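Me: I have a structure open and would like to learn how to read it. Can we go through some features one by one?

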Amino acid sequence: MGGEMGKIFTLVEHRRGQIHDISFELLTKGRDLAAQLNSEVVALVLGHGTEEVVERVKGEAHQVLWVKGESLKEPNAEAYQIVLSHILKEYNPFLTLIGHTALGMDLAPPLAASLDIPLATDCVGIELEDKRVITIRQPYNGKLNARVSFADAPAFMITLRQGSFPSEEGNLTGKVVDIPSPLEKEPDYRRFVEYIEAAVGEVDITQADVIIAVGRGIKEKENLALLEDLADSLGGVLACSRPIVDEGWLSKDRQVGSSGKTVKPKLYMAIGISGAFQHITGMKNADTIVAINKDPNAPIFNVAHYGIVDDLFKVVPVLKKKILELKG
Amino acid sequence: MDIVVCIKRVPETAEAEIKVDSSGKDILKERLTFDINESDNYALEEAILLKEKRGGTVTLISVGPPECEDTIRMGLAKGADQAIRVSNEGFGELDGFATAEILKNTIQDLSYDLILTGCMATDDGYSQVGPTLAELLGIPHAVLVTKVDLQDGNARVERELEGGLLEALEIKLPALFAIQTGINEPRYASLIAIRRAAAKEIKVLNAQAIGLERPTLRTRVENLFPPPVGKRAEILKGGAEETSKRLAQIYKSKGII
Amino acid sequence: MDFDLTTDQRMLQKMVREIATKELEPVASEIDQSGEFPWENIKKLAKQGLLGVIVPEKYGGAGFDFISLAIAIEEISKVCATTGVIVAVNNSLAAYPIYQFGNEEQRKKWLPLLASGEKLGAIAITEPNAGSDVASMETTARLEGDYWVLNGTKRFITNGGEAGIYVVFAYTNKELQHRGISAFIVERETPGFSLGKHEDLMGIRATANCELIFEDAKIPKDNLLGEEGQGFKICMHTLDVSRIDIGAQAVGLAQGALDAAISYAKERKAFGKPLSEFEMIQSMIAEMATQIQAARLLVYYAAYCKDKGMSRFSKEASMGKWFASEAAVNATKMAVQIYGGYGYTKDYPVERFYRDAKIMELYEGTSEIQKIVIARSLLK
Ligand SMILES: Cc1cc2nc3c(=O)[nH]c(=O)nc-3n(C[C@H](O)[C@H](O)[C@H](O)COP(=O)(O)OP(=O)(O)OC[C@H]3O[C@@H](n4cnc5c(N)ncnc54)[C@H](O)[C@@H]3O)c2cc1C
Ligand SMILES: Cc1cc2nc3c(=O)[nH]c(=O)nc-3n(C[C@H](O)[C@H](O)[C@H](O)COP(=O)(O)OP(=O)(O)OC[C@H]3O[C@@H](n4cnc5c(N)ncnc54)[C@H](O)[C@@H]3O)c2cc1C
């Protein structure tokens with residue numbers, strides 16, 4: 001084992017100059033764990049033109065390992081893997097934290113496999129029981145929690161679910177260490193070509209004060225009309241969960257969630273939406289969240305402020321009537 | 001173009017009540033219905049579409065008990081050519097890595113240009129099997145793939161990032177793609193195809209046959225428990241009339257209407 | 001003895017269930033209210049081969065057995081009894097008699113059209129003055145050169161308004177009584193054949209139920225099905241087969257009602273607890289479930305008899321059809337009861353289920369006729 005054992009490494013995720021929120025959640029959790037272990041947290045920054053990123057995370061970690069290179073311009077899981085496995089082999093951190101994001105899902109599994117270390121993905125909690133690491137996961141789309149332990153190993157990797165850990169400002173003065181990139185050019189077996197921006201739709205749901213979001217519970221496209229009526233009565237716009245877009249019932253720009261939009265309206269109504277975390281990520285900061293779902297155990301009720309456990313087809317028409325009555 | 005598709009049979013739990021069994025580590029499955037994992041179904045469809053366009057074969061692989069043969073057969077009926085079930089008997093508990101290891105041992109002797117998996121299983125939610133398998137086989141990969149264009153020896157794929165942003169990548173074949181939902185419109189099998197598929201043989205391999213007596217178990221579920229009821233929603237009581245009335249009043253008091 | 005479905009039956013069940021819940025259920029209430037024939041549904045089912053379930057592959061069908069057909073009808077009828085009967089008629093009342101009694105040319109000509117759904121099938125037995133008493137029909141056919149010339153009116157014909165191929169029964173020789181009835185394959189485009197009144201039905205409202213009018217309609221000689229005078233036998237044998245499917249339709253509908261009632265009883269509360277905790281509600285659920293299971297076993301058994309090649313299974317088919325149709329009426333009635341006032345509104349499917357159920361005690365032989373068939377076979 002290398003001398004650095006015991007440290008917590010966290011990957012700083014950034015794209016096009018923007019640091020991903022998860023990075024700060026990882027760093028915050030990393031500091032917390034490091035404190036428990038009497039250890040240090042190290043931030044990993046890979047990329048090209050990342051001066052500002054490094055500047056921004058310096059205060060969040062005891063150390064910043066900085067790998068620069070044009071070949072790392074866009075986050076590419078295969079390129080990252082080459083660099084990270086090189087670094088992790090050398091430094092042997094006790095724990096490596098990566099976001100369970102589009103990048104993390106692409107990167108962490110092969111990276112852990114190449115290092116021969118255990119990986120727990122999409123964790124919402126990490127506990128240390130005398131150096132034994134226990135993670136909390138949410139199988140069955142959040143309907144249950146699971147306590148997951150690791151097999152004995154010198155090091156572990158965990159991907160963390162976005163929004164499950166607080167993000168606090170750090171007050172460290174991380175030492176920035178330049179690490180020469182072991183990568184000369186982007187691997188030829190996986191090359192970045194371009195970004196494709198989300199199509200711009202007719203309405204911008206991120207600007208709406210009131211959002212009526214519908215999920216698979218509406219059963220069929222024709223029922224959208226019912227919800228549109230409700231949205232009209234509230235002066236709101238229609239949005240949806242992913243399956244509604246997958247079915248082609250609403251366009252992609254109406255999708256709320258990690259692979260859709262993040263919204264923060266005054267009122268968010270989740271109707272027939274179970275509350276998978278990928279959805280919740282996109283709406284949990286709304287001022288008032290109301291859920292209508294016939295399943296009393298649907299995870300959406302854990303983020304909603306008000307809930308109605310009932311058949312949406314029964315409630316929605318009545319609700320519209322009541323709203324119109326109150327509006328006079 | 002020879003394509004391998006890994007599929008998993010999972011319980012449908014979105015609308016069902018789920019209960020933990022007496023071991024505390026698994027759920028009671030008796031009353032649940034099972035089906036192919038959602039994103040695996042899209043992966044299967046994508047493989048069939050690619051085959052229809054470019055010829056070649058589609059081979060299905062599933063690790064699981066005999067019951068998952070119906071799921072496999074439905075894949076054959078939709079257009080896959082052959083199938084392998086790796087019996088999970090004797091393997092005991094499996095995690096994402098162990099499953100990938102089993103698949104690796106099964107696939108390494110096959111000839112393939114492309115491997116497709118789903119991007120996440122709706123039961124365990126690991127999102128780990130596909131990319132781990134790629135690593136174990138030493139081939140490139142991409143996850144959350146929403147478009148596949150095959151060229152000679154190469155694929156141009158699009159994958160989903162956050163917030164509706166996509167990235168296009170060029171990846172050398174053979175490669176593995178973990179497919180995201182919505183990439184296509186999965187078909188239903190036709191009756192004739194069902195009848196043919198029902199009679200087809202599914203190759204069953206066991207631990208010995210794939211040369212892996214004990215898959216490496218790197219994580220273990222200690223116990224399952226209901227999510228803590230933190231800040232739960234205030235559930236409005238009564239029938240539709242009462243709940244609606246109450247909600248409308250709340251809206252009014254909050255100045256929403 | 002083995003109660004398990006075979007692999008292909010299980011797969012068929014799963015596929016049909018999926019297509020029924022994803023494609024048919026969403027529009028079931030709409031087609032009930034509009035009464036418009038659900039061509040979209042039929043096209044989707046045709047694509048999967050469901051219009052020719054029992055038609056052998058060499059005639060363009062899927063080549064499944066009758067248990068499979070019953071399972072398919074059951075799954076469809078669970079969500080939409082209208083679509084269920086349309087498919088049942090095409091399979092067992094149009095394609096089946098042509099397969100069973102047609103010559104090779106007729107099979108080759110007509111079955112692929114029916115099995116692919118290119119043309120929809122119907123059967124025309126009933127007349128304004130001949131229902132239960134089939135032999136009192138008045139439609140006649142006389143041979144003129146290369147044509148049979150048909151005259152008469154058929155009533156209540158399911159798929160009538162939309163079909164392309166009709167199996168029509170008519171007297172070719174009134175003197176021979178029921179031995180003078182013959183069966184014909186009639187195309188929609190036949191000169192002298194027109195559609196009459198469209199029925200406004202209580203249930204199964206989108207089945208294009210229509211009157212057929214034959215005024216010197218000229219049917220090519222080759223379209224005589226079976227032999228001259230064989231019509232009554234063809235009719236009775238065909239009804240034996242189709243009663244299996246009406247039984248299956250009833251089982252499916254009843255199951256749909258039970259499923260709905262169970263989930264409603266668990267959700268709806270009264271006097272501080274879910275309805276499902278009241279013993280009287282439990283009693284209804286138990287009764288529904290038991291009758292449905294009994295009905296299903298009777299229906300599958302009749303299909304099994306047919307699949308085994310037994311020459312007579314009238315009694316079994318009638319038992320299944322009678323029992324299942326009464327179980328469906330009872331189950332849908334109870335489902336409405338469990339739903340209370342909501343069950344009487346169009347907001348819930350049980351209202352439609354209740355209306356749809358009644359026809360099952362009437363068509364393809366009323367319950368009384370089924371009992372006559374059963375008793376006759378026991379007392380002969
Ligand atoms: C990488 C990745 C990214 C993703 N990104 C997103 C994303 O951006 N946004 C997103 O939404 N999802 C996303 N998903 C998908 C996500 O995991 C869930 O599958 C999805 O959110 C589920 O949508 P749903 O709640 O509408 O459907 P379901 O989970 O099927 O839930 C339907 C709900 O409707 C209820 N219901 C049914 N009928 C009625 C009725 N009559 N009355 C009342 N309630 C009823 C049910 O009880 C159930 O709770 C992503 C997944 C992955 C793997
Ligand atoms: C929606 C619908 C769809 C139909 N589809 C078709 C179709 O596709 N093709 C087709 O040919 N026909 C079809 N029919 C006709 C149907 O088969 C007849 O309505 C049925 O056979 C009963 O005939 P009927 O209406 O003339 O009643 P009747 O024969 O007049 O009977 C009236 C009542 O008397 C009872 N009864 C009659 N005889 C006896 C007896 N001997 N002993 C005791 N009771 C007796 C009957 O059970 C019934 O209760 C359809 C009918 C409907 C309503």
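Reply: Gladly. Keep in mind that this is a predicted model. Start at ligand 2: one of its nitrogen atoms is 3.0 Å from a polar backbone atom of C:Ile123.

Me: Which side-chain atoms lie by an oxygen or a nitrogen atom of ligand 2?

Reply: Look for pairs of N or O atoms within 3.5 Å. C:Ser132 has a polar side-chain atom 2.6 Å from an oxygen atom of ligand 2. C:Thr158 places a polar side-chain atom 2.8 Å from a nitrogen atom of the ligand.

Me: What share of ligand 2 does the protein cover?

Reply: On its own, ligand 2 has 970 Å² of accessible area, and the protein covers 65% of it.

Me: How many residues are around ligand 2?

Reply: There are 19. C:Thr126, C:Ser132, C:Phe156, C:Thr366 and C:Glu368 come nearest.

Me: Now ligand 1. Which chains surround ligand 1?

Reply: Chains A and B both supply residues around ligand 1, so the site is shared between chains. The surrounding residues number 33. The closest are A:Ser241, A:Gln255, A:Ser259, A:Ser274 and A:Asn293.

Me: How much of ligand 1 does the protein bury?

Reply: Ligand 1 exposes 980 Å² when taken alone, and the protein buries 95% of that.

Me: Which elements give two or more residues to the shell around ligand 1?

Reply: They are helix H7 (242-246), helix H8 (277-280) and helix H9 (312-327), of chain A. By class, the shell has 10 nonpolar, 15 polar and 8 charged residues.

Me: How do I describe two packed helices?

Reply: Use the angle between their axes and the distance between the axes. Take helix H2 (residues 68-78) of chain B and helix H1 (residues 7-34) of chain C. Their axes come within 11 Å and cross at roughly 75 degrees. That makes H2(B) roughly perpendicular to H1(C).

Me: Which residues of H2(B) and H1(C) meet?

Reply: From H2(B), B:Asp70, B:Arg73, B:Met74 and B:Ala77. From H1(C), C:Thr7, C:Arg10, C:Met11, C:Lys14 and C:Met15. By class, this contact has 4 nonpolar, 1 polar and 4 charged residues.

Me: What should I look for in the backbone?

Reply: Most residues other than glycine have a negative phi, and most peptide bonds are trans. Look for exceptions. Phi of A:Asn141 is near 50 degrees, a positive value in a residue other than glycine. A:Asn141 lies in helix H5 (residues 139-142) of chain A.

Me: Which residues does a cis peptide bond join?

Reply: B:Leu173 and B:Pro174, with omega about -5 degrees. B:Pro174 sits in the loop between strand S9 (166-172) and strand S10 (175-179) of chain B.

Notes:
Residues are numbered from 1 along each chain as its sequence is written. Chains are lettered from A and ligands numbered from 1 in the order in which they are written. This is a predicted model: local features need pLDDT of at least 70, side-chain atom pairs count only at pLDDT 80 or more; totals for chains, interfaces and linings use all residues. Side-chain values use heavy atoms; hydrogens and water are left out. A residue is near a molecule or strand if one of its heavy atoms lies within 4 Å of it. Accessible areas come from the Shrake-Rupley method with a 1.4 Å probe; for residues, only the protein chains shown count as cover. Helices (H or I, at least four residues) and strands (E, at least two) are DSSP runs, numbered from the N terminus. Ala, Val, Leu, Ile, Met, Phe, Trp, Tyr, Cys and Pro count as nonpolar, Asp, Glu, Lys and Arg as charged, and the others, Gly among them, as polar. Axes are lines fitted to C-alpha atoms, for helices over the stretch in contact, and angles run from 0 to 180 degrees between N-to-C directions. Angles under 35 degrees count as roughly parallel, over 145 as roughly antiparallel, 65 to 115 as roughly perpendicular and the rest as oblique. Contact means heavy atoms within 4.5 Å. A polar contact is a pair of N or O atoms within 3.5 Å; within protein, one must be able to donate a hydrogen and the other to accept it, and residues adjacent in sequence count only if both atoms are side-chain atoms.
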